[in-house]
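Here is a briefing to read beside the sequence and the 3D view. Keep both open as you go through the points.

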Amino acid sequence: MGADDRTNKAGNAVSRGADSVENAVDDARDSRTVRAVARAGFVAVGLIHILIGVIALGIALGSSGQADQSGAVSQMAATPGGVVLLWAGLIACGVLALYMASDAVMGWSGGSSKPWMNRLKAVGQAIVFAVAAVTFGSFALSHPSNSSEKSRTTSADLMSSGPGTVLLVIIGVALLAAAGTYVFLGITRKYEKNLRGKPSGALGDAFTVLGVVGYCAKGVALGAVGLLILIATAAHDPSQQGGLDSALKAFLKQPFGGWVLGFVSVGLMAYGVYSLFRSRYQRI
């Protein structure tokens, strides 16, 4: 057997293996059970946003709290049956993250004239849901994480090197771009392109309002996080960068900051309720 024959056989074996993996992934994606669990991921993320909004609104009114993902999951853990919620959130967000990752690798399920753009969106969503799954998992395994502390520690590590500082700037700019995208999607209602429908009548109108307000508020929150990262990086001071919690609390230092934080808080709650609807109507 010649070298060319061995090479061809090896190539054919790799191709058959890749086809088998692709078929297995397709079968999993088509499974009603997998789709149902993936849709439950939107419910879990919706609950997180609702709780973050509630905590942030309390802060705007003078209370204390940690208005970020770990703060929200901590409140879930403290409720009766919280352990069940944590494990359910871990599984649902994990499956949804894998589903979005498969979209990024194998092709966007929604169809578009710009597949590369949708693949990029799928990557971003996969990361978001994976982070949520990790947060749920850390609390479920009794090793709770603190999003603010992680943000500061990671920023400090990255600021210790030139490439790390550049990466922080890229992250900050990317978050600002994502913020603009969310606001744009909210104002133009283009997010509805990824829905397979919506409720009719007054409920449908409420669904639209929730989406518009929610997307805009989430955009403002992401923009605040990105801006804080850039400010902290420019000052070479990781203590200024505490993730979403620090970004939301930073509003209070600005004129009319309490009102702005109140709007963002209500908007995040609206986004959370929208995500509950989205679990049914999102096209996946």
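**Salt bridges and overall build**

A search of the whole structure finds 4 salt bridges; a salt bridge here is a side-chain nitrogen of Lys or Arg within 4 Å of a carboxyl oxygen of Asp or Glu. The model is predicted, so local features need pLDDT of at least 70 and side-chain atom pairs count only at pLDDT 80 or more, while totals for chains, interfaces and linings use all residues. Residues are numbered from 1 along each chain as its sequence is written, and side-chain values use heavy atoms, with hydrogens and water left out.

**Fold**

- The protein has 10 helices and 0 strands. Helices (H or I, at least four residues) and strands (E, at least two) are DSSP runs, numbered from the N terminus.
- Read from the N terminus, the order of elements is α-α-α-α-α-α-α-α-α-α.
- The protein has 284 residues, and 40% of them count as buried. Buried means under 20% relative accessible area, exposed means over 50%, and partly exposed lies in between (1.4 Å probe, protein chains only).

**Charge pairs**

- Side chains of opposite charge can pair when their charged atoms come close.
- Glu149 and Arg152 meet in a salt bridge through their side chains, at 3.4 Å from N to O.
- Glu149 and Arg152 are 3 residues apart in helix H6 (residues 147-159), so about one helical turn separates them.
- Glu149 is partly exposed at 44% relative accessible area. Arg152 is also partly exposed, at 25%.
- Arg189 forms a salt bridge with Glu192, with the closest N and O atoms 3.5 Å apart.
- Lys198 and Glu192 form a salt bridge as well, at 3.4 Å from N to O. Shared partners join Arg189, Glu192 and Lys198 into one network of salt bridges.
- Arg189 counts as partly exposed because its relative accessibility is 37%. Lys198 is partly exposed too, with a relative accessible area of 33%.

**Helix H7**

- Val166, Leu167, Ile170 and Ile171 form a nonpolar patch on the surface. Together they have about 330 Å² of accessible area.
- Patches are made of residues with over 30% relative accessible area and no salt bridge; like charges are joined within 9 Å, and nonpolar side chains (Val, Leu, Ile, Met, Phe, Trp, Tyr) within 5 Å.
- Accessible areas come from the Shrake-Rupley method with a 1.4 Å probe; for residues, only the protein chains shown count as cover.
- Leu167, one of the patch residues, sits in helix H7 (residues 162-188). Its relative accessibility is 40%, so Leu167 counts as partly exposed.
- Val173 is placed in helix H7 as well. Val173 is partly exposed, at 46% relative accessible area.
- Val173 and Ile229 lie 56 residues apart in sequence. In space they are 9.0 Å apart, C-alpha to C-alpha.

**Second largest pocket**

- The second largest pocket holds about 280 Å³ of space. Helix H8 (201-235) and helix H9 (243-250) are the elements that give two or more residues to its lining.
- The lining has 7 nonpolar, 4 polar and 2 charged residues. Ala, Val, Leu, Ile, Met, Phe, Trp, Tyr, Cys and Pro count as nonpolar, Asp, Glu, Lys and Arg as charged, and the others, Gly among them, as polar.
- On a 1 Å grid over the protein atoms alone, a pocket is an open set of points where a 1.4 Å probe fits, with protein on both sides within 12 Å along at least five of seven lines; lining residues have an atom within 4 Å of a point.
- Grid points are joined across faces, edges and corners, and a volume is the space filled by probe spheres set on the points.

**Loops with positive phi**

- Ser142 is a residue other than glycine with a positive phi, near 65°. Ser142 lies in the loop between helix H5 (115-140) and H6.
- With 58% relative accessibility, Ser142 counts as exposed.
- Phe256, again not a glycine, has a positive phi near 60°. Phe256 is in the loop between H9 and helix H10 (257-281).
- Phe256 counts as exposed, at 67% relative accessibility.

**Helix H4**

- Leu86 belongs to helix H4 (residues 82-106). Leu86 counts as buried because its relative accessibility is 3%.
- Leu86 and Val73 are 13 residues apart in sequence and 7.7 Å apart in space, C-alpha to C-alpha.
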